[in-house]
Amino acid sequence: MPLTELVPHLKELSYSDKLLLLQFLSAELLKESGLVPLDTKGKTASQGLHDSFEAAAVLAKALAEEKVAPHG
Amino acid sequence: MVDKVRFAFTEVDPDLGTLSTLPYLPLVLTYQNQFINVSGLLDTGSSVNVLPYEMGLRLGAVWDQRLSVPLGRNLARFEARALVLTANVERFSPVELAFAWTQDKNAPLILGQMNFFLAFDVCFYRAESAFEISLKLA
């Protein structure tokens with residue numbers, strides 16, 4: 001959808017929805033730029049690691065493959 | 001054969017003294033013919049080992065050849081790949097450690113449940129700012 005068509009719809013949004021949209025857009029821009037929001041810097045390394053069980057399963061698979069073909 | 005080795009906690013902030021000490025373990029990581037001397041944070045609350053992006057590059061690992069690793073929450077914004085390295089700790093026999101090699105430039109080197117704590121037993125003596133590790137028997 002072209003921006004010119006989108007703007008009239010955006011104007012109809014409520015105040016809180018406009019705020020949420022603003023937050024969404026800034027988060028998208030940070031994500032695309034690979035930047036870390038200031039309020040999460042320093043916390044990124046410890047959050048989400050305690051329950052990364054799928055990641056642990058992938059590492060177990062990598063270890064098993066390593067035993068078959070070392071440092072492949 | 002080495003039974004167990006005791007290490008002192010590392011003071012992170014001199015102003016805070018023992019309040020800021022953390023269990024960092026010195027080790028040598030090797031990949032193919034490259035090796036680096038590093039310190040990893042022993043983190044029993046982490047499901048996985050985490051390797052900072054720069055360390056993987058210094059070891060000559062190739063990002064595109066690795067399995068993708070789905071890390072949770074805030075770390076999910078950064079892609080991570082599986083990388084198996086040989087780790088030498090003190091005089092223990094070398095062990096294979098699997099890392100989530102992350103593109104998060106702020107990530108420290110973390111030694112977590114998969115698989116550091118499967119390879120080593122660790123006993124923490126927080127009041128003494130020390131920990132002891134021993135290699136698990138296969």
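I take helices (H or I, at least four residues) and strands (E, at least two) as DSSP runs, numbered from the N terminus. Residues are numbered from 1 along each chain as its sequence is written, chains are lettered from A and ligands numbered from 1 in the order in which they are written. The model is predicted: local features need pLDDT of at least 70, side-chain atom pairs count only at pLDDT 80 or more, and totals for chains, interfaces and linings use all residues.

**Confidence**

I looked up the scores and found ipTM 0.83 and pTM 0.74. The average pLDDT (the predictor's confidence in each residue, from 0 to 100) of chain B is 92, and 96% of its residues score at least 70.

**Chain B overall**

I counted 2 helices and 11 strands in chain B. Their order from the N terminus is β-β-β-β-β-β-α-β-β-β-α-β-β. The radius of gyration, taken over C-alpha atoms, is 15 Å for chain B; a compact globule of 138 residues would have one near 14 Å, which agrees. The globule rule behind that value is 2.2 Å times the number of residues to the power 0.38. Along the principal axes, the C-alpha atoms of chain B fill a box of roughly 45 × 40 × 25 Å.

For burial I used C-beta atoms placed from the backbone: a residue is buried if 20 or more others lie within 10 Å of its own, exposed if 12 or fewer, and partly exposed in between. By this count 34% of the 138 residues of chain B are buried.

**Helices of chain A**

I compared helix lengths with the expected span, 1.5 Å times one less than the number of residues. Helix 2 of chain A (residues 15–33) has 19 residues and should span 27 Å; its end C-alpha atoms are 27 Å apart, which agrees. The count of buried residues in helix 2 of chain A is 0. Gly34(A) follows this helix and has a positive phi, near 70°.

Helix 3 of chain A (residues 53–68) has 16 residues and reaches 23 Å between its first and last C-alpha, close to the expected 22 Å. Its buried residues are Ala55(A), Ala56(A), Val58(A), Leu59(A) and Ala62(A).

**Core**

I searched for nonpolar cores, sets of buried Ala, Val, Leu, Ile, Met, Phe, Trp, Tyr and Cys residues joined through C-beta atoms within 7 Å. The largest has 38 residues, and Leu59(A), Val50(B), Phe99(B) and Ala100(B) have the most contacts inside it. Strand 7 of chain B gives the largest share of this core, 6 residues. I then listed contacts (C-beta atoms, placed from the backbone, within 7 Å) of Val50(B): among them are Leu49(A), Phe99(B), Ala100(B) and Ile110(B).

**Backbone checks**

Most residues other than glycine have a negative phi, and most peptide bonds are trans. Gln32(B), in the loop between strand 4 and strand 5 of chain B, has a positive phi near 55°. Gln32(B) counts as exposed, because it has 12 C-beta neighbours inside 10 Å. Glu90(B), in the loop between strand 7 and strand 8 of chain B, has a positive phi of about 45°. The peptide bond from Met114(B) to Asn115(B) is cis, with omega near 5°.

Notes: Contact = placed C-beta atoms within 7 Å. Lists of a residue's contacts leave out its neighbours within four places in sequence.
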